[in-house]
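This briefing concerns the packing of helices in a single model. The sequence and structure are shown below, followed by notes grouped by topic.

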Amino acid sequence: MSKAPKVERDPVSGALTIKCASMWYAFLAEEAYFEGDLARHDEFMANAEVLNRSPRGYLHSKTLEEHIKKWEQQ
């Protein structure tokens with residue numbers, strides 16, 4: 001188990017920064033891999049790689065927010 005990344009948000013919209021979202025997807029991919037869930041690993045890693053191509057911006061993702069919420073409660 002890795003240490004969960006920090007949550008960084010746009011101060012105006014409250015959306016996750018692209019860098020933060022990418023780091024969270026990579027983290028979730030690693031955790032899925034450790035759990036043996038290769039399908040989710042591939043999905044999360046693909047999302048992280050796509051976001052890494054975007055230099056700036058913000059992301060609104062209900063699904064990602066739900067995953068972050070689960071990890072923050074642990």
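In helix 3 (residues 62–72), the buried residues are Leu64, His67, Ile68 and Trp71; buried means under 20% relative accessible area, and exposed over 50% (1.4 Å probe, protein chains only). Because these residues cover an arc of only 100° around the axis, they lie on the same side of helix 3. The model is predicted: local features need pLDDT of at least 70, side-chain atom pairs count only at pLDDT 80 or more, and totals for chains, interfaces and linings use all residues. Residues are numbered from 1 along each chain as its sequence is written, and side-chain values use heavy atoms, with hydrogens and water left out.

**Helix 3**
- Lys62, Lys69 and Lys70 are exposed on the other side of helix 3.
- The buried residues of helix 3 pack against strand 1 (16–17), helix 1 (18–34), helix 2 (38–52) and strand 2 (58–59).
- Helices (H or I, at least four residues) and strands (E, at least two) are DSSP runs, numbered from the N terminus.

**Helix 1 and helix 2**
- The axes of helix 1 and helix 2 come within 8 Å and cross at roughly 160°.
- Helix 1 is therefore roughly antiparallel to helix 2, a term for angles over 145 degrees.
- Residues of helix 1 including Tyr25, Leu28 and Tyr33 meet residues of helix 2, among them Phe44, Met45 and Leu51, where contact means heavy atoms within 4.5 Å.

**Lys19**
- Lys19 is located in helix 1 and is exposed, with a relative accessible area of 57%.
- The C-alpha atoms of Lys19 and Glu43 are separated by 17 Å, the two residues being 24 residues apart along the chain.

Technical notes
The arc is that of the directions from the helix axis to the C-beta atoms. Axes are lines fitted to C-alpha atoms, for helices over the stretch in contact, and angles run from 0 to 180 degrees between N-to-C directions. Angles under 35 degrees count as roughly parallel, over 145 as roughly antiparallel, 65 to 115 as roughly perpendicular and the rest as oblique.
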